[in-house]
Amino acid sequence: PAVAYDVIGALSLAASRLGQLLRQITSYLDRSLAAGRLGHDHGGDPAPDVNGAGIFLDDARLSAAALAGDLSQAQELLAAINGSPRTCKDQP
């Protein structure tokens, strides 16, 4: 149980940091697009794809926040769990 607790905690921490990273990526793409530094492999306007990616990145940010919350709650519930089950004589 201790290993599960630790791994879930690490995953929760990583998920909680994804939101900031995804905002930074979106901001970088928006600034690069506005500055004319992006092209498209097929010769088209990169704006629709960059804007579409921004929508999905925002959705991913919200999903990451929900994931972090769920993992944190799971870790909290596991805090009192140990590897010493009660025997029949221990039970009331």
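How are α1 and α2 oriented to each other, roughly parallel or roughly antiparallel? Before I answer, please keep in mind that this is a predicted model.

Helix α1 covers residues 2-34, and helix α2 covers residues 47-78. The two pack at an angle of about 165°, and their axes are 8 Å apart. Angles over 145 degrees count as roughly antiparallel, and α1 and α2 are therefore roughly antiparallel to each other. As for the handedness, α1 passes α2 in a left-handed crossing.

I will start with G9, which is found in helix α1. G9 counts as buried because its relative accessible area is 17%, and the cut-off for buried is under 20%. Its C-alpha lies 6.7 Å from the C-alpha of S72, although G9 and S72 are 63 residues apart in sequence.

A15 is also a residue of helix α1. Its relative accessibility is 4%, so A15 counts as buried.

Is A14 buried or partly exposed? With a relative accessible area of 45%, A14 is partly exposed. The pair to look at here is A14 and L67: they are 53 residues apart in sequence, and their C-alpha atoms are 10.0 Å apart.

The last pair is F56 and Q20. F56 has its place in helix α2, and at a relative accessible area of 62% it is exposed. The C-alpha atoms of F56 and Q20 are separated by 15 Å, and these two residues are 36 apart along the chain.

Now the charged side chains. How many salt bridges does the count come to? The count comes to one salt bridge. It joins the side chains of R61 and D58, at 2.7 Å from N to O. Both R61 and D58 lie in helix α2, and they are three residues apart, about one turn of the helix. R61 is partly exposed, with a relative accessible area of 23%. D58 is partly exposed as well, at 34%.

Finally, the surface. Which residues make the nonpolar surface patch? They are V3, V7 and L11, and the patch has an area of about 280 Å². V3 lies in helix α1. Why is V3 called exposed? Its relative accessible area is 63%, and exposed means over 50%.

To go back over the main points: α1 and α2 are roughly antiparallel, with a left-handed crossing. The one salt bridge in the count is between R61 and D58, within helix α2. The nonpolar patch is made by V3, V7 and L11. I am happy to go back to any of these on the screen.

Conventions:
Residues numbered from 1 in each chain as written. Predicted model: local features only at pLDDT ≥ 70, side-chain atom pairs only at ≥ 80, totals over all residues. Heavy atoms only, no water. Patch = residues over 30% accessible without salt bridge, like charges linked within 9 Å, V, L, I, M, F, W, Y side chains within 5 Å. Areas by Shrake-Rupley, 256 points an atom, 1.4 Å probe, with all protein chains shown as cover. Salt bridge = Lys/Arg side-chain N within 4 Å of Asp/Glu carboxyl O. Helix = DSSP H or I, 4+ residues; strand = E, 2+ residues; numbered from the N terminus. Buried < 20%, exposed > 50% of the residue type's maximum accessible area, 1.4 Å probe, protein only. Axes fitted to C-alpha atoms, helices over the stretch in contact; angles between N-to-C directions. Parallel < 35°, antiparallel > 145°, perpendicular 65-115°, else oblique. Left-handed = near helix turned anticlockwise from the far one by under 90°.
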